[in-house]
Amino acid sequence: MNRIDRLYALVEELRAIFPRCAGPKELAARSGVSVRTVERDVARLQRSGLPITLVPGEGYRLAEGMALPPLNLTPEEAAVIAVALHRMEEDRFAPQAAAALRKISAALAVPEEELTGMPPVARVIERALLRDRPLRIEYADRKGAVTARDVEPRIFLGGRGGFWYLVAWCRMRRDVRVFRLDRIASAVELDETPACDDGTAGAGGPPGAA
């Protein structure tokens with residue numbers, strides 16, 4: 001990635017996660033460059049007049065006027081889009097799909113203040129996402145049959161009058177699946193790193209047929 005593309009990608013990343021911050025290490029890992037390179041890139045953008053601030057202890061944040069507008073999507077619509085973008089891993093538009101997925105995830109992420117009033121399962125899911133850890137869940141299908149699943153969470157979204165959804169790689173189904181929060185009876189974080197990449201997804205069932 002040349003410098004111009006890298007600078008553009010950095011701005012888009014900060015726009016996508018607003019109002020949250022991103023530290024130099026996080027941005028470096030996503031861009032595949034060093035922390036020093038990220039710091040130099042941010043300094044270049046700041047010198048050019050772009051309003052990027054450094055929040056002590058949190059990271060870089062773009063000014064509010066530069067942020068992406070809210071997405072007018074229902075939780076169900078966002079979950080379907082997330083699954084479709086995950087399945088573009090081998091497509092020539094994979095980088096664009098990954099960027100779009102990050103924007104959707106950031107725009108529809110669970111607000112921290114709402115998590116405090118949600119079931120313990122929701123807090124376990126959010127913690128696993130932050131730590132990039134798999135989960136072992138007990139999940140009830142539409143008929144009420146409960147199965148144990150090891151899943152690798154990717155997005156947790158929804159709320160505000162609708163259902164909450166977990167989009168995750170299901171190791172049992174070998175595919176991306178959407179799990180409704182109210183059907184997850186329990187969730188336990190596993191002490192391991194994700195074993196599978198979404199790009200290895202096989203021919204699974206339709207989204208939502210968890």
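**Glutamate 189 and its surroundings in a predicted model**

The side chain of glutamate 189 makes a polar contact, at 2.6 Å, with the side chain of arginine 131, where a polar contact is a pair of N or O atoms within 3.5 Å, of which, within protein, one must be able to donate a hydrogen and the other to accept it, residues adjacent in sequence counting only if both atoms are side-chain atoms. The model is predicted, so local features need pLDDT of at least 70 and side-chain atom pairs count only at pLDDT 80 or more, while totals for chains, interfaces and linings use all residues. Residues are numbered from 1 along each chain as its sequence is written, and side-chain values use heavy atoms, with hydrogens and water left out.

Glutamate 189 also has a polar contact of 3.4 Å between its side chain and that of arginine 127. With neighbours within four places in sequence set aside, the residues in contact with glutamate 189 (heavy atoms within 4.5 Å) are Val124, Arg127, Ala128, Arg131, Arg133, Pro134 and Leu135. Glutamate 189 lies in strand S7, which spans residues 184-189; strands (E, at least two residues) and helices (H or I, at least four) are DSSP runs, numbered from the N terminus. Glutamate 189 counts as buried because its relative accessibility is 18%, buried meaning under 20% relative accessible area, exposed over 50% and partly exposed in between, with a 1.4 Å probe and protein chains only.

Turning to the whole protein, the secondary structure comprises 7 helices and 7 strands, and from the N terminus on the elements follow the order α-α-α-β-β-α-α-α-α-β-β-β-β-β. Of the contacts in the protein with a separation of 6 or more, 60% are between residues 24 or more positions apart. Buried residues account for 41% of the 210 residues, and the accessible surface, computed by the Shrake-Rupley method with a 1.4 Å probe, is about 11,500 Å², 53% of it belonging to carbon and sulfur atoms.

Finally, the cysteines deserve a look. Cysteine 21 is buried at a relative accessible area of 14%, and cysteine 170 counts as buried at 0% relative accessibility. A search of the whole structure for disulfides, meaning pairs of cysteine sulfur atoms within 2.5 Å, finds 0.
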